[in-house]
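Colleague: I would like to learn how to read a protein model, one feature at a time. Could you show me the chain, please?

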Amino acid sequence: MTERKPPGVSFESWVDKQIREAAERGDFKDLPGLGRPLPSSLSGDAYDEMWWIKGKMHREGLGFLPPTLALRKEAEEALEKARRAPSESAVRRIVGEINEKIVVAIRRPPPGPLLGLKPYDTEAVVEEWRRGRA
């Protein structure tokens, strides 16, 4: 499709001719996504200027949370991991590691929503772990 539009021919008819000739040659066969619905970013939803970034993150299995929300999520996961830990020393290690991160975030708050966390009481978590094992 490198040829130029001839003078005196409307753009619409020239483009239609190019498309028809390409279809006749079979240029549109075996295109990726043939027969599948358009991605939601192209299907008439409201325009989102970050559509390509969101699509890339979705395809790569990535996510983004502000640092404070990421730490909250990490703290919840650490507490769950501590509950399933195989030994008391593992519980103490897990709680100690997340408590260090929480203390750092309290001293120097990262950007984003308020942290809303305080260090976990290690002894209370260990006691809960013991009750769960009994």
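Colleague: How many helices and strands does the chain have?

Modeller: Helices and strands are DSSP runs numbered from the N terminus, a helix (H or I) having at least four residues and a strand (E) at least two. The chain has 5 helices and 0 strands, and along the sequence the pattern reads α-α-α-α-α. This is a predicted model, in which local features need pLDDT of at least 70 and side-chain atom pairs count only at pLDDT 80 or more, while totals for chains, interfaces and linings use all residues. Residues are numbered from 1 along each chain as its sequence is written, and side-chain values use heavy atoms, with hydrogens and water left out.

Colleague: What radius of gyration does the chain have, beside that of a compact globule?

Modeller: The radius of gyration is taken over C-alpha atoms, and the globule rule is 2.2 Å times the number of residues to the power 0.38. A compact globule of 134 residues would come near 14 Å, but the chain has 28 Å. Its C-alpha atoms fill a box of roughly 85 × 35 × 25 Å along the principal axes.

Colleague: Is I94 buried or exposed?

Modeller: A residue is buried under 20% relative accessible area, exposed over 50%, and partly exposed in between, with a 1.4 Å probe and protein chains only. I94, which is found in helix α4, has a relative accessible area of 6% and therefore counts as buried. Leaving aside residues up to four places away in sequence, I94 touches A78, K81, A82 and A85. Of the 134 residues of the chain, 17% count as buried.

Colleague: Where does D30 lie, and why is D30 called exposed?

Modeller: D30 lies in the loop between α1 (11-25) and α2 (51-60). D30 is called exposed because its relative accessible area is 75%. The backbone of D30 also has a positive phi of about 60°, although D30 is not a glycine.

How values were computed
Contact means heavy atoms within 4.5 Å.
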